[in-house]
Amino acid sequence: MIRLDSLGVRLVDRRRGDRRWVLRDITIAVPRGCIYGLIGPGAAGKSVLLKTLAGLLPVEEGLAEIDGVNVGEAAALELEVLRRRIGMAFQNNALFDHLTVSENIAFPLRRLFTPTDDEVREKVAERLASVTLPGYEERLPPGLSGGQKKRVAFARATITQPPLLLLDEPAAGLDPVTSQRLFDLVKREVKASGATCILVSSDLDRLLPICDSVGVLVHGSMLFDGTVEDAKRSSDERVYQFVHGLPDGPL
Amino acid sequence: MALSNASFVHRIGAGVVDLASTVGQMMTLLGRILQRSTPARFDRRELLRHLEFMAIESLPIVVVTALFSGAIVVIQAAPVVQRFGAEGLLGWGAGFGVLREIGPLLTALMISGRVGANNTADLGTMVVTEQVDGLRALAIDPLEYLVVPRFYGIIMTLSLMTVFSDLLALFGAALAGQALIGLSMHGFYNGITGGLIEFKDVAHGLIKSAAFGFIVALSSCHFGLATSGGAPGVGRSVKASVVMSAGGIFALDYFLSFVVP
Amino acid sequence: METPPPLTTHESMLVKLGRLVIDGTEGARALTSLFLRTLWFTFKGSRPKGSTAHQAFEIGNNSASFLALTMGFIGMILVYQSAVQLGRLVPDYSMVGANYGELLVRELGPTIGALMLATRVGAGMAAEIASMVVTEQVDALRLCAADPVDFLVVPRFLASLVMTLVVVVLSSAVAYATGAITAFIAFDVRFDVFANLSLVDFGDVATGLTKSIAYGAAIPICSCHCGLEAHGGSAGVGRATTAAVVLSSLAIIVLNFFISAGSFLVGL
């Protein structure tokens, strides 16, 4: 269960040297087992929202709560415990260039838990098979294609079977077939494990069918929060325009 | 860096080939820059803009470097001077070292780290974000518009900054002399102007600094344009450029120290 | 979001100056904080074993030949320049080697060597870490309870402490040799006359050692700080790398001044 209550995040704008609101007054609730699609134009603050939930950015005002733990005020140890339950795939993949694919995927498992080597090997092989990259264990990330990196990043995010999955553009730059497979995989695994998933993607055609609810973030404000059907029928012109991908409109 | 099975000899050979090919590419770039310089076919407003920007961005570090290194020359010379009781020679000793060697060398290293590296980063970013291709698509010659103004901007900045930092370093040396061994400013000044330092010492330093400017400008433009591979590529280019500049500065310094009187 | 009114040149110069001062104090505070955290994690960290050895190998492998080359040139230049200077006073070159040896141990070896290391190693560290920051690898580390200071800064810091000394000693030896050759060829100073270490005393060695250690600590702290502060894609990596070279070099020059002045004042 994720609860955001009038969350505000302010970050330093390095070019201008002052601090600027990136998120303002975000209030949403994502129940357990829900796939929540987060959409919106570029630079709306989607990645910032995910990173704030993972405790990577400071909360300026309001509340960000995961299963009753306040992320903004969690102590270091609390945060570490919380992060064992979070899997995250980053927009830029964030694969460690100097580690092999299998070491990359095993990294969260080894850091946050104490598995045996056999367990690690088994789980890594299973993850690689699930993203259709079997046999890639010893490759290095710089030698992979963009789509392969995305899939390795997804495998790393899910290796610990986290109850909360944060996926930032997991399918950007993938071909339509691989992309569809990845979304299907997300849906299948999230539904099977009962995890909660917040999914950022601009591929609305593939995203919306697997979402239980959807949020539209524009310029740091949540314009819409509700079911996909409601979003498609929204009376807010901006939401309507974005969800339907219309070129003309207020955006 | 893969060590794998490549033997030591093999690696040395590969290094030499790499260096030779880089030098060759730099010479080609130099040729293309000169071709656009006579008659001057480049954007003069850009040159002025770069000159102003480069001077402002390098001013603080040049001031700090010059003052401190002038003082250090005196600190290092002080025990010798005291040993022989030759305080009057301090101005001469510091002046000689600063004008011929320390001033031009340290200023060049600092400008290479500041202006040269920045230039590489700028050009490199423009290359990896395809801005340079964008210019070509608009039929604007990237060399005329981007490279040549920066090239001359760096040479001029470094030469001017060397004059400035020579003066500041001597001032720093005089201050340190006063503070550490009680030599008055006047005594220091007499040491400099006492006849043992000639105009050719000043010229020696300035000729070298122009040559350093040339190598910094050329290598920073070359590595900027040769950037590939996204954000990590820009980092690699900057590193390669400062390393090439520093190596080039020392090599040129060596040859010019012998050749220039 | 209102845009501020355009500034006149005067105001903008003042603003720039003010910002410089603020940046300076903030930078000094950030560097101190990074240094303290690095020390803390040196003893408390949970980084993988062997990461320090790996970094030490990288530093040595990347910089040894470059430093030997540049210091070799410096040796030739300095012996030549100082002999020319001496020749205008008294053409007696017998003490050139002795004075050069003292200067090399006390000043040139550590300082010029460290300036070259800052260029080569500092830029490399900053570029590496900055790339990790802008591609979110540092976020991924933090998400896995791996503190970036522990994982990235500490190995580089420890490796640099040791390797700076090693590389400085090696390259100083090269500089001494090239200096001796220059003195022999250009001024007919025999090797046995040049190799006169009578002026090198405890104070010189202590000063040189202190400098090497101080520079060895300053380079990775300055460079990693610039790398970790990177933001904004490939342009950000470029800016961080540039800033690292400048900041490390400045730190070396300022430290050099204080250590030199200190050792002069206590009479070493």
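Me: How many helices and strands does the secondary structure of chain B come to?

Reply: In this predicted model, chain B has eight helices and zero strands. Read from the N terminus, its elements follow the pattern α-α-α-α-α-α-α-α.

Me: What box do the C-alpha atoms of chain B fill?

Reply: Taken along the principal axes, the box is roughly 65 × 50 × 30 Å.

Me: What part of the contacts in chain B comes from residues 24 or more positions apart?

Reply: Among contacts in chain B with a separation of 6 or more, such residues account for 86%.

Me: Which residues of chain B form a nonpolar patch on the surface?

Reply: The patch consists of Phe8(B), Val9(B), Ile12(B) and Val16(B), which together have about 440 Å² of accessible area. Phe8(B) belongs to helix α1 of chain B, residues 8-35.

Me: Is Phe8(B) buried or exposed, and why?

Reply: Exposed is the term for a relative accessible area over 50%. Phe8(B) has 59% and is therefore exposed.

Me: Let us turn to chain A. What is the order of the strands in its open sheet?

Reply: In general, strands of a sheet pair through backbone hydrogen bonds, in either a parallel or an antiparallel manner. The open sheet of chain A has six strands in the order β6-β7-β8-β3-β9-β10, and its pairing is mixed. The edge strands are β6 (86-89) and β10 (221-227) of chain A, each of which pairs on one side only. From one strand to the next, the twist averages 15°.

Me: How many bridges join strand β3 of chain A to strand β9 of chain A, and are the two parallel or antiparallel?

Reply: Four bridges link β3 (residues 35-39) with β9 (residues 213-218) of chain A, and the two strands run parallel. Within this pair, Gly37(A) is placed opposite Val214(A) of β9(A).

Me: Which strands of the sheet does helix α9 of chain A touch?

Reply: Helix α9 (residues 237-244) of chain A packs on the sheet and touches β3, β9 and β10 of chain A. The direction of helix α9 makes about 65° with that of β10(A).

Me: Where does helix α5 of chain A lie?

Reply: Helix α5 (residues 146-158) of chain A lies across β6 and β7 (164-168) of chain A. The helix runs at about 160° to β7(A).

Key
Residues are numbered from 1 along each chain as its sequence is written. Chains are lettered from A and ligands numbered from 1 in the order in which they are written. This is a predicted model: local features need pLDDT of at least 70, side-chain atom pairs count only at pLDDT 80 or more; totals for chains, interfaces and linings use all residues. Side-chain values use heavy atoms; hydrogens and water are left out. Two strands pair if DSSP finds at least two bridges between them. Axes are lines fitted to C-alpha atoms, for helices over the stretch in contact, and angles run from 0 to 180 degrees between N-to-C directions. Contact means heavy atoms within 4.5 Å. Patches are made of residues with over 30% relative accessible area and no salt bridge: like charges are joined within 9 Å, nonpolar side chains (Val, Leu, Ile, Met, Phe, Trp, Tyr) within 5 Å. Accessible areas come from the Shrake-Rupley method with a 1.4 Å probe; for residues, only the protein chains shown count as cover. A salt bridge is a side-chain nitrogen of Lys or Arg within 4 Å of a carboxyl oxygen of Asp or Glu. Buried means under 20% relative accessible area, exposed over 50%, partly exposed in between (1.4 Å probe, protein chains only).
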